[in-house]
Amino acid sequence: MAGAEPTPGQSGPQGTAGQGREGAPDGGGADRAARPREHTSEERIADLRAMKAEAHVGGGAEALERQHARGKLSARERLELLLDPGSFVETDMLVRHRLGTFGLDRSRPYTDGVVTGWGSIDGRKVFVFSQDFTVFGGSLGEAFAEKVCKIMDLAASVGAPVIGINDSGGARIQEGAASLAGYGYIFDRNVRASGVIPQISVIMGPCAGGAVYSPAITDFVFMVKETSHMFITGPDVIKAVTSEDVTFEELGGAMTHATRSGMASFVAEDEQDCLAQVRYLLSFLPSNNLEDAPTYASADQPDRRDESLNTIVPDSPKQPYDMKDVIRKVFDGGEFFEVFPLWAMNIVIGFARLDGQTVGIVANQPKVLAGTLDFDSSEKAARFIRFCDAFNIPLVCFEDVPGFLPGTAQEYGGIIRRGAKLLYAFSEATVPKMTVITRKAYGGAYVVMNSKHLRADVCLAWPTAEIAVMGSEGAVGVIFRREIKAAPDPAAKRAELISRYEDQFNTPYLAAERGYVDDVIEPAETRWRLIQALRMLRTKREQVPPRKHGNIPL
């Protein structure tokens, strides 16, 4: 696959076509069918055990040592950490490739470089595949792809999440078009399972060339600092084509994808931390689109008030505050699992629990770019909203938005089209939708952030809310331009008009008069009011017009 670094089992400096395992001589996984077989039951069982033992060692002890030296676990060690102890049931352990060229007929290791099966996480069924870098460098061939497709088909048919652990150099060059076809079959299943079962990708090594498109389609991508890399074309190809010098880490490392490309939903310090985060994420998610997320009894009282919320919004409209503080004070136990915490930080998204039930949170962040919306934050929130809607997860929006970020970079970068994705996602969603306006709600950005006009079910506002076409200074400058210019003291007149405008218009009460806000509440009672709304909305059913699908502005 283009951009894939050469790996053992592929042509290149690290290995040759005649190697059966990473660094192993020819003959790994010799063909037992060609040897005489004993006929007693005991000997047949012994032979079976020997084959399975051979499958378990993967590329052998030396290859495993090299894997550990890179700071990486083996494919099976990862599954042991991810799944409940003793729950893993392996499928297709004895699968081997069928290629007879390039000397690979002498090297046919069991599993063919990927461990597949199912198990449980916190007692709930999940399907898994874990690429084994110690066998052919984890490269994908025909048999490898067939194993992955079988697991994905099973996951979709029984309605359970699928988790893919990626550690591969890409397509197996020796298998040519069959490798490319294998990727295509996997991509097709990713698309068909999208919105049906949760799909999670865990990058724990190289993921290059066309291999990156499967994780890109899945719902969440986990990466590990220093050892995870994703890119279409590697540094050497980029150097040859564009003369750019870039390292593996700069090009496709975890922090690059977490802060710049928006590819990595979560970044972990090490593989153990990463797999623990995957388990935690699943505690918020349903198994499929026909089920609800698991609920947990909460020790946090439903009607708990937090008086500190009454003063959390600064008196000055220009002074920021941390919306994450608001979130932690409202939801069960202060628990909040943020998604994309390092990318497009002017909007905050993630999962929390309210009254024991999973909810998805979308919130403007006044601490970053004053909470304005730009194209990255719009896309970040829109995809999260669509995930929540697909999997029956109610949405709670906290709004403090002064508008869309101005500038030529935003206009040329497609803020109109990309900003419309957020509008589309909120309007399209049929799950329970609740909004709390904490401060600024200006212009088109107010409408886009799950307003009543986009069919929010419940819209609450704090007394500090300012719902208007624009801020007072801008509005006064437009409406009273001539009056200010003609005044003996323009500055004093401007200040007077701004104060009058704010008293009359920069409040939630005109919107409340028209029913655009269901109620203006004390901030301290936000938790209880949201729980009341959620309980009321649990039986919400919404009919949508018959159609194949909408056409979101991509």
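Modeller: Helices (H or I, at least four residues) and strands (E, at least two) are DSSP runs, numbered from the N terminus. This is a predicted model, where local features need pLDDT of at least 70, side-chain atom pairs count only at pLDDT 80 or more, and totals for chains, interfaces and linings use all residues. Residues are numbered from 1 along each chain as its sequence is written, and side-chain values use heavy atoms, with hydrogens and water left out.

Biologist: What is the volume of the second largest pocket?

Modeller: A pocket is an open set of points on a 1 Å grid over the protein atoms alone, where a 1.4 Å probe fits, with protein on both sides within 12 Å along at least five of seven lines; lining residues have an atom within 4 Å of a point. Points are joined across faces, edges and corners, and the volume is the space filled by probe spheres set on them. Here that is about 290 Å³. The lining has 15 residues, and closest to the centre are Ile467, Ala468, Val469, Leu510 and Ala511. Helix 15 (443-448), strand 16 (466-468) and helix 19 (509-513) each give two or more residues.

Biologist: Is strand 11 buried or exposed?

Modeller: Buried means under 20% relative accessible area, exposed over 50%, partly exposed in between (1.4 Å probe, protein chains only). In strand 11 (residues 347-354), 8 of the 8 residues are buried, so the strand is largely enclosed by the rest of the structure. Ile347, Ile349, Phe351 and Arg353 point one way; Val348, Gly350, Ala352 and Leu354 point the other.

Biologist: What does strand 11 pair with?

Modeller: Strand 10 (residues 337-339) is one partner, antiparallel over 3 bridges. There, glutamate 338 bridges to glycine 350. Strand 12 (residues 357-364) also runs antiparallel to strand 11, with 8 bridges. Look at isoleucine 347, opposite asparagine 364. The hairpin of strands 11 and 12 has 2 residues between the strands, and aspartate 355 takes a positive phi near 60 degrees.

Key. Pairing = 2+ DSSP bridges.
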